[in-house]
There are 4 protein chains.
Amino acid sequence: MRLRMGMIGGGPGAFIGPIHRIAAELDREIELVAGVFSSDPDRSRAAAADYHIDPDRAYPDLDTMFAGEAARADGIDFVSIVSPNHHHLPAARAALTAGVAVMSDKPMTASLAEARALADLVATAGRPYALTYTYSGYPLVREARARIAAGAIGTVRKAVVEYSQGWLAGPAEGKQAEWRVDPARSGAGGCIGDIGVHAFQLAEFVTGLRVTRLLADLAAVVPGRALDDDCSVLLRFDNGARGVLLASQIEVGELNGLRIRVYGETGGLTWRQETPNDLTLHHIDGRTEIVRAGDASLGPDARARTRTPGGHPEGYLEAFANLYRDFAALLRGEVAPLLPDATEGLRGMAFIETAVTASRNEAGWVDLKL
Amino acid sequence: MRLRMGMIGGGPGAFIGPIHRIAAELDREIELVAGVFSSDPDRSRAAAADYHIDPDRAYPDLDTMFAGEAARADGIDFVSIVSPNHHHLPAARAALTAGVAVMSDKPMTASLAEARALADLVATAGRPYALTYTYSGYPLVREARARIAAGAIGTVRKAVVEYSQGWLAGPAEGKQAEWRVDPARSGAGGCIGDIGVHAFQLAEFVTGLRVTRLLADLAAVVPGRALDDDCSVLLRFDNGARGVLLASQIEVGELNGLRIRVYGETGGLTWRQETPNDLTLHHIDGRTEIVRAGDASLGPDARARTRTPGGHPEGYLEAFANLYRDFAALLRGEVAPLLPDATEGLRGMAFIETAVTASRNEAGWVDLKL
Amino acid sequence: MRLRMGMIGGGPGAFIGPIHRIAAELDREIELVAGVFSSDPDRSRAAAADYHIDPDRAYPDLDTMFAGEAARADGIDFVSIVSPNHHHLPAARAALTAGVAVMSDKPMTASLAEARALADLVATAGRPYALTYTYSGYPLVREARARIAAGAIGTVRKAVVEYSQGWLAGPAEGKQAEWRVDPARSGAGGCIGDIGVHAFQLAEFVTGLRVTRLLADLAAVVPGRALDDDCSVLLRFDNGARGVLLASQIEVGELNGLRIRVYGETGGLTWRQETPNDLTLHHIDGRTEIVRAGDASLGPDARARTRTPGGHPEGYLEAFANLYRDFAALLRGEVAPLLPDATEGLRGMAFIETAVTASRNEAGWVDLKL
Amino acid sequence: MRLRMGMIGGGPGAFIGPIHRIAAELDREIELVAGVFSSDPDRSRAAAADYHIDPDRAYPDLDTMFAGEAARADGIDFVSIVSPNHHHLPAARAALTAGVAVMSDKPMTASLAEARALADLVATAGRPYALTYTYSGYPLVREARARIAAGAIGTVRKAVVEYSQGWLAGPAEGKQAEWRVDPARSGAGGCIGDIGVHAFQLAEFVTGLRVTRLLADLAAVVPGRALDDDCSVLLRFDNGARGVLLASQIEVGELNGLRIRVYGETGGLTWRQETPNDLTLHHIDGRTEIVRAGDASLGPDARARTRTPGGHPEGYLEAFANLYRDFAALLRGEVAPLLPDATEGLRGMAFIETAVTASRNEAGWVDLKL
């Protein structure tokens, strides 16, 4: 029996809604059956038609959906929250209150205070809650984490993570851009909340370490922009390792240049999102290996998250689907230890707000507290 | 309303069946609802469970499926044929005879004679028939074709297409390998029929030209192998252009190295399957451009077959899904001019048999006739 | 008539001396004829033999060399200073005092105070003085600078320069490593003075801007090391542009990973030292160009510094030779506006000392003053 | 004492003469001191001035040079022959007859008959004779050969070598192009003699095998061209391995795309001239290694032919210089087993003429005989 998913957000013109739908359904363990796709009932119904779902299950608002679905024998098992950041908390709260599990787009909420409230709710709600930090779903990111955990590069000393985009180098135009540069919908972070937090989560995920301190230098480079669009952040991890996190949306020509390099006492490792199917591994003796999706040397976690033989590229949608696969396992009562949870979400929000505040105050090094 | 698909083949342990399922359903225009997944009824039912479909629609044989589905209001609209080559003709014939459209894996059949018979049947059957030459579904392959057609490199003079794999460098072990090296299931071609024909189709697809003559040198390099595993073929196209087609399955370390380079009077163009989201374009004045998925300069065909913004890699499954998208359009009565049809299928079979025969006879240059 | 070069340093086992010799002589405008290759006269003579130069011109000390050469009709025209940093000032002073021109390895001296003294001396000496900031000699670095100067990417907003090495990740062993980690020979900067200053110079050279402020975070990661081996520096340029400079010698597996990316209002540009013969250029309209050594579109400066046709890789030695070519031009009375001069040298020393001091004091943002 | 070199050819406007000069002198073991740079005495003297050599040693013809140099105590030790192909035999004969060693550009001569005559002369002359098959001088080509010889990929089964250029895609204009497309100066081979023979030599050099049979398909693609500009050649090696050799000068946008891939029973190996400082090595167990110039794992031959630490790119000139280093060793009485000798030269000429003749006659597979 497939798990039944409701969607919140993802109406006509949305980018991330259809991505979530594809990702959720890719392995056929989940089926999109209902949704509040828009706060405009007509647009919600139009989206339902686009998704080929029953028009009766295109709801005008959250309450109606949770009530309607609760009344059905085949009601939704969970919701996927894909609306802008300021909707994340009310949507998640409504779902959890209704006893419905939540898979939320990142960041967790629009502010750290909201995130704390949501984390408290999750702790008591008794229903699964997870976040789609997509990049942690890539098989070779899983492999990178597993190799570092197994000591392939020794004690981590340094991590450099960059997330480079150029699409906001000019005026922010179009549905996708507009809400991201609007504090009312995006929260206090611009670039730092949109992509910087992905880089932060990836750095913690791959190294297995926690950031404890940071020094942030954020700016709105494009004239007239209210939120940051270019971020340089220095990091310290809990084992003393040093880190650099760069995120920018004004680097003309860069598409989705997320890259991470981690160096330890005895090795180094590099992964790039735009060529996600291999991993470069350096050994202290001078050897360089390319680990490729499909290789016999891959660990069980990476192997289980690859659907095709080596050389048949898998990409963003498949990485995304890996998170939904983990989420489905969670709903079936299995464990999914690498799926980003509320604590990860809270850490992300703490990162965003700490960086924004520290940069504004030119505070130098500050602690990262939840 | 989603189109309903039945599957022939794709039972437990199959590689390509689940790929077809994902590809078919990716855009939610098609739904897998039935199948003869194996000639063993128990295995067929086991596969149905894996696919999460109704066990009543896991049929033991073709006749039962077509009869059973015809009796339902929600019966299948088409079948996807994913079994080994020697099943392609009987499966397609049964479907077309039952008035059911066919999406077939390549190559069309196990022999040229069979392909001719099937092409004749398709011509009179009045139902859509298409083939999943996957690589022609990549957005940047579509772009390459469109740019060449628009004159971006001038009259084509030369095409080099290579398909390099290494997985059969040792003894052929495992389900995927075994049938491919067995003439009874694979047909007369080994490597040439498994991957060489993909390279052939890609060369014709991208250049917009037709191969008229060829010189083939095929060999079974691995001791004891009955079918070819390494192929060098020289080509002539109908405009006089020269071509080289290399395909091998004994090139240790190569995964799925399909690459095409096309040169014209005023430019050149390169695409590689393992990094499918960009295209290199050379101009006679010395300029080199990288055309990337998501770029504003992409033509409508490539653009319509991309689901994510630039920098979010799409891969093999998405390319595959693009063929099913075209096929769904065809079933809805639209045109899908680039979807490989029976003529493409027949050309592929003619290529395989001509190459095998010419090589065996050391015939030098021979004509490619359908 | 070839210009005659004396060398200071570069004795047996030296890395950079032979490099200077090759670079200086590559275009046959310069000939190595004399030297104080070591402070040990025997070693100095041994080096002379290795270099195939007249043993009579292997001098035991600076005074003897300048006196001896002054007495010859065919005496040296200039010296190349290739000894460790703490020798740079005395060697340059001796040469300039003797009326001999100076080509010095970088950094200029072992301290900013020394650099100021030397800059003053250069200003009055009336003989050419230049520094081998090697990377500014690469043809495509010249091209990058020229294109940015010509407006190819609009007003510069952001520069990211990284210099990544791993050879000092373990204990510093061997002649090359030992002096670099010793404050007495290297000066106050370790990694920042060895490679960080190259990155600094490259960033200013390519952008055509000047760094006015910086925030530095330097550390000695390897236990027991006296000087920094890992550096993160945030920059501000005189036009308000933001910069990031990363330099490290503990990134295991990295060889000589100097990379620069510059983004402006209308474009972006990337160059990597390890693949130095091309340049990636992004345009705001989404086009990406690869500019290659040998391309017809190259400007005169890059073109004049390329010795082979496109596709015949030139590398580090040829880049180095380009600086000597410029220096030879200077000695012949021509102008060599892009050759790093005493002002560049002084800026580099100011960068090193400012970064070291600011980091030690956790001073946050500080001005860069000469 | 440096060895003294005379040059034959390399006058004003020449491409390859200055390259030979740089390569010969790079390690300071050789010095250019004399030459017949042109058959026009004025041009010969002008070249001498460009090279900064004594005008008295710019000779008007071969006889004068050999007589003049023989009369000097510091006369030339060898000549470097860098003139077009039809000069190679007379120049080499004059030198050897005068007891002067010869370093010749490739191909050996303008015809196989000439090559046989020269090989006979070399056999009896008692002076060293070698050829500058440049690409065999690259450190990582040496490493590839050494690894294959040591069994790193097992018995060789397949080699694919490609040499792709585009500079003759249009009309052949300019000094470099004109003689290459003229049978009177170039010999019977166009592209096959200019670059195909490099690919041939590289394939034999790296595999350590000998080609015994070939099937050639050569064409003059550009209208009006007398000599081939596009070549496809199938090969068989003496151990039964299969080969493919592609060479073209009409592939628009390709600069100097020489690439070789070799596959054995247990591994595979790839090298590309345009990024010459690394080598990809595949193992049958799925591991992929990148071997880089400067790595500790390099064998003695590659290591001895690298002048800079890893990450400091060396290129074409340095590879060229490695051949002169070997030649200098030979002149000093050492052995230089990998330096291409008269037998290599003869094999190259046999390859060219066999391919040209077999293609013209559409002869299919033919033996390669010296």
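**Interfaces, helix packing and backbone features of the predicted model**

Across the interface of chain A and chain C, 20 residue pairs are in polar contact, both members being at pLDDT 80 or more. The model is a predicted one. Seven strands of chain A, namely β6 (156–164), β7 (211–219), β8 (230–237), β9 (242–248), β10 (257–264), β11 (267–272) and β12 (278–283), each supply at least two residues of the side that touches chain C. By class, that side of chain A consists of 17 nonpolar, eleven polar and 14 charged residues.

The size of an interface is often given as the accessible area lost when the parts come together. Between chain A and chain C the buried area is about 3,100 Å², and carbon and sulfur atoms give 50% of that area. On the side of chain A, the residues that lose the most area to chain C are A:R157, A:R242 and A:V252, which together account for 23% of what that side buries. In terms of residues, 42 of chain A are in contact with 42 of chain C.

Side chains of opposite charge can pair when their charged atoms come close. The count of salt bridges between chain A and chain C is 14, and the count over all chains comes to 147. One salt bridge is formed by A:R261 with C:E162, whose closest N and O atoms are 2.5 Å apart. Because A:R261 lies in strand β10 of chain A and C:E162 lies in strand β6 (residues 156–164) of chain C, this pair joins two chains.

The interface of chain D with chain B was described in the same terms. Here 42 residues of chain D are in contact with 42 residues of chain B. About 3,000 Å² is buried between chain D and chain B, with 50% of it on carbon and sulfur atoms. In chain D, the most area is lost to chain B by D:R157, D:R242 and D:V252, and these residues together make up 23% of what that side buries.

Chain D and chain B are linked by 14 salt bridges. Among them is the salt bridge between the side chains of B:R242 and D:D230, with an N to O distance of 2.7 Å. Polar contacts between chain D and chain B amount to 20 residue pairs, both residues at pLDDT 80 or more. On the side of chain D that touches chain B, at least two residues each come from β6 (156–164), β7 (211–219), β8 (230–237), β9 (242–248), β10 (257–264), β11 (267–272) and β12 (278–283) of chain D. The residues on that side of chain D divide into 17 nonpolar, eleven polar and 14 charged.

Two packed helices are described by the angle between their axes and the distance between the axes. In chain A, helix α6 (residues 139–149) packs with helix α9 (residues 191–207) at an angle of about 45 degrees, the axes being 7 Å apart. This angle makes α6(A) oblique to α9(A). The residues that meet are A:V141, A:R142, A:A144, A:R145 and A:I148 in α6(A), and A:L202, A:E204, A:F205, A:V206 and A:T207 in α9(A). The contact of α6(A) with α9(A) comprises six nonpolar residues, one polar residue and three charged residues.

In chain C, the axes of helix α6 (residues 139–149) and helix α9 (residues 191–207) cross at roughly 45 degrees and come within 7 Å. The helices α6(C) and α9(C) are therefore oblique to each other. From α6(C), the contact involves C:V141, C:R142, C:A144, C:R145 and C:I148, and from α9(C) it involves C:L202, C:E204, C:F205, C:V206 and C:T207. Six nonpolar, one polar and three charged residues make up the contact of α6(C) with α9(C).

Most residues other than glycine have a negative phi, and most peptide bonds are trans. The peptide bond from A:K106 to A:P107 is cis, with omega near -10 degrees. A:P107 is located in the loop between β4 (101–104) and α5 (112–125) of chain A. In chain B, the peptide bond from B:K106 to B:P107 is cis, and its omega is near -10 degrees. B:P107 is found in the loop between β4 (101–104) and α5 (112–125) of chain B. In chain C, the phi of C:R28 is positive, about 60 degrees, although C:R28 is not a glycine. The loop between α1 (16–25) and β2 (30–36) of chain C contains C:R28.

Technical notes: Residues are numbered from 1 along each chain as its sequence is written. Chains are lettered from A and ligands numbered from 1 in the order in which they are written. This is a predicted model: local features need pLDDT of at least 70, side-chain atom pairs count only at pLDDT 80 or more; totals for chains, interfaces and linings use all residues. Side-chain values use heavy atoms; hydrogens and water are left out. Axes are lines fitted to C-alpha atoms, for helices over the stretch in contact, and angles run from 0 to 180 degrees between N-to-C directions. Helices (H or I, at least four residues) and strands (E, at least two) are DSSP runs, numbered from the N terminus. Angles under 35 degrees count as roughly parallel, over 145 as roughly antiparallel, 65 to 115 as roughly perpendicular and the rest as oblique. Contact means heavy atoms within 4.5 Å. Ala, Val, Leu, Ile, Met, Phe, Trp, Tyr, Cys and Pro count as nonpolar, Asp, Glu, Lys and Arg as charged, and the others, Gly among them, as polar. Buried area is the accessible area (1.4 Å probe) that two parts lose on being put together, summed over both. A salt bridge is a side-chain nitrogen of Lys or Arg within 4 Å of a carboxyl oxygen of Asp or Glu. A polar contact is a pair of N or O atoms within 3.5 Å; within protein, one must be able to donate a hydrogen and the other to accept it, and residues adjacent in sequence count only if both atoms are side-chain atoms.
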